[in-house]
Amino acid sequence: MGEGAFVGVYAPNVYLVLGDGKAAFIDTAYGKDDEVRAQLGAWEALGSPPVAGIILTHRHGDHIGGAVRLHEATGGPILTSYEERAAVDAGLTGGKVGRVVRSGDTLDLGGTTLEFIETPGHTLGSLCIYLREDSVLFSGDMILGTGTTVISPDHGDMRLYIESLRGLLDYHAAVIAPGHGPEIYAANAKIQSLIDHRLDREAQLLRLIGEGKHTIGELFQAVYPELHPGLHDTARSQIRAHLNKLEQDGGVQMNREGLWSVRESRPS
Ligand SMILES: [Zn+2]
């Protein structure tokens, strides 16, 4: 799939971070037998160090699928954000989240510190992890090595997503290790381009609504005239996520018939 595709062809990334004596997994893929074997094989090759956390960046099945089996094999606690806990627990079979974290909380692996950053947007409880000593930002699906992050209008939030991206600029990461696709070295340039892309789309939608496109269907036709049919539902939900943000910002409104219009500022 080319640029602008919503769903990357890249398998979910799983990271094993080793400090001086302790280790942590970041995400666990789907939990297929060969994946779990490979994950445990990498851990055993390091001498089976104590696992301080099996960190889940968010609730989606391609990130949490192996968590319970890694927990059973290593004894490490399953860890996610406070906000994501219930959704992760609902997605796990035979195990539960053992520790929840907030922004600023850390996990010490011995000379290697993982700092947690709550980054709502892709999901409301999405978590990024910053490896302080090496300036590596593990971004889950907040930032992808390829493709565009889906912001679900149901359990994500476009306004929070853009705010979370802005917050990540402050870290000046040397490298981003994403949930899918290859690592990203020009970290802040990448983050800024993602912010700009969303704000450009928002401006485009606002303009189209002003020009008389009042339904999601009409907006969809104007924004994505040649999109592959398999991506239509996702594209529509992206438009909806943008409209939710514009509505929160006071830029647009929806009437009882579900028609969108630009909100006129009242004369004072
Ligand atoms: Zn995801």
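Me: Let's start with the hairpin: which residue in the turn between strand 8 and strand 9 has a positive phi?
Reply: This is a predicted model, where local features need pLDDT of at least 70, side-chain atom pairs count only at pLDDT 80 or more, and totals for chains, interfaces and linings use all residues. Residues are numbered from 1 along each chain as its sequence is written. Strand 8 and strand 9 make a hairpin with four residues between them (helices, H or I of at least four residues, and strands, E of at least two, are DSSP runs numbered from the N terminus). The turn residue with a positive phi, about 55°, is serine 135.

Me: What is the bridge partner of tyrosine 130 in strand 9?
Reply: Strand 8 and strand 9 pair in the antiparallel sense, over three bridges; two strands count as paired if DSSP finds at least two bridges between them. In strand 9, tyrosine 130 has as its bridge partner leucine 137.

Me: And on the strand 7 side, which residue is the bridge partner of isoleucine 117 in strand 8?
Reply: Strand 7 (residues 113-118) pairs with strand 8 over five bridges, in the antiparallel sense. Isoleucine 117 has its bridge partner in strand 8, and that is cysteine 128.

Me: Why is strand 8 largely enclosed by the rest of the structure?
Reply: Strand 8 covers residues 127-131. A residue is buried if 20 or more other C-beta atoms lie within 10 Å of its own, exposed if 12 or fewer, and partly exposed in between, with C-beta atoms placed from the backbone. Strand 8 is largely enclosed because its buried residues number four of the five.

Me: Is lysine 22 buried or partly exposed?
Reply: Lysine 22 sits in the loop between strand 1 (15-18) and strand 2 (23-26). Its contacts beyond four places in sequence are Pro49, Pro50, Ala52, Leu109 and Gly110, where contact means C-beta atoms, placed from the backbone, within 7 Å. With 19 other C-beta atoms within 10 Å, lysine 22 is partly exposed.

Me: How many residues does the largest nonpolar core have?
Reply: A nonpolar core is a set of buried Ala, Val, Leu, Ile, Met, Phe, Trp, Tyr and Cys residues joined through C-beta atoms within 7 Å. Those with the most contacts inside the largest one include Ile54, Cys128 and Leu137. A second, separate core has eight residues, among them Leu205 and Trp260. The largest core has 47 residues.

Me: Is valine 252 buried or exposed?
Reply: Valine 252 belongs to strand 11 (residues 252-254). Its contacts beyond four places in sequence include Leu206, Leu246 and Trp260, and the C-alpha atoms of valine 252 and leucine 206 are separated by 7.7 Å. With 20 other C-beta atoms within 10 Å, valine 252 is buried.

Me: Last one: how far apart do the C-alpha centres of domain 1 and domain 2 lie?
Reply: The protein chain is divided into domain 1 (15-186) and domain 2 (198-262), with bounds from an automatic or database domain assignment. Their contact takes eight residues from domain 1 and 10 residues from domain 2. The C-alpha centres of domain 1 and domain 2 lie apart by 31 Å.

Methods. Contact = placed C-beta atoms within 7 Å.
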